[in-house]
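Open the model in your viewer and keep the selection panel at hand. The tour goes stop by stop, with what to select and what is there.

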Amino acid sequence: KGHATMGFFSRLMGGSDEQKTATSEFEILAPVSGELFIWKTNDPAFSSRAVGDGVAVVPQEGTVCAPVSGTVAALFPTEHALGIMSDDSPAQVMLHIGIDTVKLEGKGFHALVAQGDHVDAGRLVEVDFDAVRAAGFDPTVFVIVCERSENSTLREHASGPVAAKEPVIWLSE
């Protein structure tokens with residue numbers, strides 16, 4: 001007996017979904033302190049969850065931390081978004097800082113990491129959220145689980161205040 005379909009990352013890594021127990025749970029951390037909500041934004045790509053499931057945090061501070069330990073798989077030139085391939089799970093997690101902030105062309109964003117770097121739950125990007133707000137943009141930080149195994153389940157933290165590095169998403173494989 002086996003799975004009829006294996007996830008993309010399982011095939012890529014040559015592993016089998018059956019190596020993990022059904023009870024293993026993987027934590028994804030809040031990248032910033034602030035007010036967490038299950039997103040209902042004006043951005044259709046996020047609110048429709050076309051990009052994946054996750055949470056959003058209205059930030060109280062300017063340091064954005066890694067939600068998982070892993071490798072920076074993608075860093076946008078404007079430094080407002082990045083993807084991390086997790087060490088401990090087949091999940092790929094994307095951080096998107098603000099709504100439409102690509103239009104700032106990097107102004108107010110200072111990445112502390114480069115594509116290909118290994119990161120732990122430490123600092124990734126310094127953001128001048130006051131400048132983001134002053135330019136008329138929503139500073140909400142999105143944590144999106146882009147890739148995960150088909151049989152996985154995702155549980156989200158209840159809306160309310162959260163601290164940076166506090167678990168906010170639990171992924172069960």
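Select β6 and β7: these strands form a hairpin, with five residues between them. Strands here are DSSP E runs of at least two residues, helices are H or I runs of at least four, and both are numbered from the N terminus. The model is predicted: local features need pLDDT of at least 70, side-chain atom pairs count only at pLDDT 80 or more, and totals for chains, interfaces and linings use all residues. Residues are numbered from 1 along each chain as its sequence is written, and side-chain values use heavy atoms, with hydrogens and water left out.

β7 covers residues 92-99 and pairs with β6 through five bridges, antiparallel. (Pairing requires at least two DSSP bridges between two strands.) Pick A81 and look across to H96 in β7.

T71 sits opposite M85 in β6. β5 and β6 also form a hairpin with five residues between them, and E79 in that turn has a positive phi of about 65°.

How many of the six residues of β6 are buried? Five are, in a strand that spans 81-86. Buried means under 20% relative accessible area, exposed over 50%, and partly exposed in between (1.4 Å probe, protein chains only).

Next, select β1, β14 and β12. They form an open antiparallel sheet in the order β1-β14-β12. β1 (25-29) and β12 (153-156) are at the edges with a single partner strand each, so one side of each has no neighbour in the sheet. The twist averages 25° from one strand to the next; axes are lines fitted to C-alpha atoms, for helices over the stretch in contact, and angles run from 0 to 180 degrees between N-to-C directions. Five bridges link β1 to β14, residues 167-172. L29 faces P167 in β14.

Show charged side chains. There are three salt bridges (a Lys or Arg side-chain nitrogen within 4 Å of an Asp or Glu carboxyl oxygen).

- E25 and R155: closest N and O atoms 3.2 Å apart. The pair links β1 to β12, 130 residues apart in the chain.
- R123 and E126: closest N and O atoms 2.7 Å apart. R123 is exposed at 52%, whereas E126 is partly exposed at 23%.
- R133 and D130: 3.9 Å, N to O. Both lie in helix α3 (129-134), three residues apart.

Last stop: cysteines. The disulfide count is zero (sulfur atoms within 2.5 Å). C65 is buried at 6% relative accessibility; C146 is partly exposed at 32%.
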